[in-house]
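Dear colleague,

Please find below a structure that I am handing over to you. The notes that follow it set out what was found.

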Amino acid sequence: MSPNRLLPLIALLRFLGQCLLFFSLLALPLMNGPAQAVSSRSTVTAEGRYKKAFTYYSSLEKSAKLGKKREEWLRGARELEQIYQQYPRDRVVPSAMYLTGRIYYRMHQQFYRTEDLEKAVALFEQVVSRFPKADVIDDALYSLARIEQAKGNAKEAANYLSVSKSFYI
């Protein structure tokens with residue numbers, strides 16, 4: 001065959017190869033099953049980021065080496081703060097805000113900085129005031145009660161506990 005007669009055949013084969021590549025790339029997420037495709041997309045959502053931040057928080061709690069570094073705790077707090085700043089209406093915001101408060105409270109317990117305790121209290125109070133129907137409101141109230149009790153404010157601690165108790169009655 002002459003080279004001129006092969007040109008249309010080569011062009012057709014090239015076109016078919018490109019189509020095959022294109023459609024195989026489209027089907028790639030589905031080849032691992034629908035759950036795999038959904039989970040890969042969820043990592044860019046607020047919920048996916050929250051799960052990742054929660055896992056990081058858990059590793060801070062468990063790892064003596066990692067948990068000794070204030071910078072690592074701040075890194076976890078910043079990640080959670082970004083979630084509720086970037087996704088202010090998402091359903092994970094109260095949990096992200098509460099967990100950020102927990103991080104600052106743990107930082108205060110470990111590094112004895114007053115500003116960490118103040119930040120924790122402000123976050124727990126925000127959870128209570130902004131999200132009165134959130135799942136974590138009782139946790140935030142209990143945390144506030146513990147902080148007040150540690151400060152020697154028994155009456156204030158009792159007030160937080162009585163409000164918290166009302167969620168279970």
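In what follows, two residues are said to touch, or to be in contact, when heavy atoms of theirs lie within 4.5 Å. Please bear in mind throughout that this is a predicted model.

**The chain as a whole**

The chain holds 9 helices and 0 strands, so that from the N terminus on the order of elements reads α-α-α-α-α-α-α-α-α. It comprises 169 residues, of which 34% count as buried. Among contacts with a separation of 6 or more, 53% are accounted for by residues 24 or more positions apart.

**Helix α5 and its contact with α6**

Helix α5 covers residues 70-86. With 17 residues, α5 reaches 24 Å from its first C-alpha to its last, close to the 24 Å expected at 1.5 Å a residue. The residues buried in α5 are Arg-70, Glu-72, Trp-73, Gly-76, Ala-77, Leu-80, Glu-81, Ile-83 and Tyr-84. They pack against α3 (46-62), α4 (64-67), α6 and α7.

On the α5 side, the residues making the contact include Trp-73, Leu-74, Ala-77, Leu-80 and Glu-81; on the α6 side, they include Met-97, Thr-100, Ile-103, Tyr-104 and Met-107. By class, the contact of α5 with α6 has 14 nonpolar, 3 polar and 3 charged residues.

Glu-81 is located in α5. Is Glu-81 buried or exposed? Glu-81 counts as buried because its relative accessibility is 13%, and buried means under 20%. Leaving aside residues up to four places away in sequence, Glu-81 touches Thr-100, Tyr-104 and Lys-119.

Tyr-112 is placed in the loop between α6 and α7. Its phi is near 60°, a positive value in a residue other than glycine. Most residues other than glycine have a negative phi. Tyr-112 counts as exposed, at 66% relative accessibility.

**Helix α8 and its neighbours**

Helix α8 spans residues 137-151. It has 15 residues and reaches 21 Å from its first C-alpha to its last, close to the 21 Å expected at 1.5 Å a residue. Which residues of α8 are buried? They are Ile-137, Asp-138, Ala-140, Leu-141, Ser-143, Leu-144, Ala-145, Ile-147 and Glu-148. These buried residues pack against α6, α7 (114-130) and α9 (154-165). Just after α8, Gly-152 takes a positive phi of about 90°.

Helix α6 (residues 93-111) and α8 have axes that come within 11 Å and cross at roughly 20°. Angles under 35 degrees count as roughly parallel, and α6 is therefore roughly parallel to α8. The crossing in which α6 passes α8 is left-handed. From α6, the contact is made by Tyr-98, Arg-102, Tyr-105 and Gln-109; from α8, it is made by Asp-139, Ala-140, Ser-143, Arg-146 and Ile-147. The residues of this contact divide into 4 nonpolar, 2 polar and 3 charged.

The second contact is with α7. The axes of α7 and α8 come within 9 Å and cross at roughly 145°, and α7 passes α8 in a left-handed crossing. Leu-117, Val-121, Phe-124, Glu-125, Val-127 and Val-128 in α7 meet residues of α8 that include Ile-137, Leu-141, Leu-144 and Lys-151. The contact of α7 with α8 has 10 nonpolar, 1 polar and 2 charged residues.

A further residue of α7 is Ala-122. Ala-122 is partly exposed, with a relative accessible area of 37%. The C-alpha atoms of Ala-122 and Leu-144 are separated by 9.6 Å, and the two residues are 22 residues apart along the chain.

Methods
Residues are numbered from 1 along each chain as its sequence is written. This is a predicted model: local features need pLDDT of at least 70, side-chain atom pairs count only at pLDDT 80 or more; totals for chains, interfaces and linings use all residues. Side-chain values use heavy atoms; hydrogens and water are left out. Axes are lines fitted to C-alpha atoms, for helices over the stretch in contact, and angles run from 0 to 180 degrees between N-to-C directions. Helices (H or I, at least four residues) and strands (E, at least two) are DSSP runs, numbered from the N terminus. Angles under 35 degrees count as roughly parallel, over 145 as roughly antiparallel, 65 to 115 as roughly perpendicular and the rest as oblique. A crossing is left-handed if the near helix is turned anticlockwise from the far one by less than a right angle, and right-handed if clockwise. Ala, Val, Leu, Ile, Met, Phe, Trp, Tyr, Cys and Pro count as nonpolar, Asp, Glu, Lys and Arg as charged, and the others, Gly among them, as polar. The expected span of a helix is 1.5 Å times one less than its number of residues. Buried means under 20% relative accessible area, exposed over 50%, partly exposed in between (1.4 Å probe, protein chains only).
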